[in-house]
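Please consider the sequence and structure shown below. The paragraphs that follow treat a pocket and then a sheet.

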Amino acid sequence: MGRLFIESLSGPRIFKCKSCKVDSASPDHIVSKAFQGRFGRAYLFRSVVNVSLGPREERLLVSGLHSVNDIYCSSCQQLLGWRYEKAYEESQKYKEGMYILEKERMLKAGW
């Protein structure tokens, strides 16, 4: 088994995995705070770090049918949210390649 590579983010405020406190995202990459996840409010990010992708699946969400991958903390394997792989409705195409992080699964460090 290989060595786990963990990327550290710089800046005074960082979103971290609530379970193991590994860096997950920078507030500079937030696109929207107005999303709903499985466990409550969620944020849409352009990029995240220290995550692994689950299998691709079709999921009917509030905004329509999407092809998504669940994302997990690469350190502790906690479910953090999902990645939008493909949006089938034209108005939702802007989400492709972006990430949802569940607020309930995140820790705000330095806030």
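Which strand supplies the largest share of the lining of the largest pocket? The largest share, 4 residues, comes from β3; strands here are DSSP runs of E with at least two residues, numbered from the N terminus. The model is predicted, local features need pLDDT of at least 70, side-chain atom pairs count only at pLDDT 80 or more, and totals for chains, interfaces and linings use all residues. Residues are numbered from 1 along each chain as its sequence is written, and side-chain values use heavy atoms, with hydrogens and water left out.

At least two lining residues each are supplied by β3 (30–37), β5 (51–61) and β7 (79–87). A pocket is an open set of points on a 1 Å grid over the protein atoms alone where a 1.4 Å probe fits, with protein on both sides within 12 Å along at least five of seven lines; lining residues have an atom within 4 Å of a point. The lining includes F35, R38, W82, Y84 and K95. By class, 6 lining residues are nonpolar, 3 polar and 3 charged. The largest pocket holds about 170 Å³ of space, the volume being that filled by probe spheres set on the points.

Elsewhere, an open sheet of 3 strands runs in the order β2-β1-β9 with antiparallel pairing, where two strands pair if DSSP finds at least two bridges between them. β2 (23–25) and β9 (106–109) are the edge strands, each with a single partner, so one side of each has no neighbour in the sheet. β1 (residues 14–17) pairs with β9 over 4 bridges, and K16 has L107 of β9 as its bridge partner.

Note on methods: Nonpolar A, V, L, I, M, F, W, Y, C, P; charged D, E, K, R; others polar.
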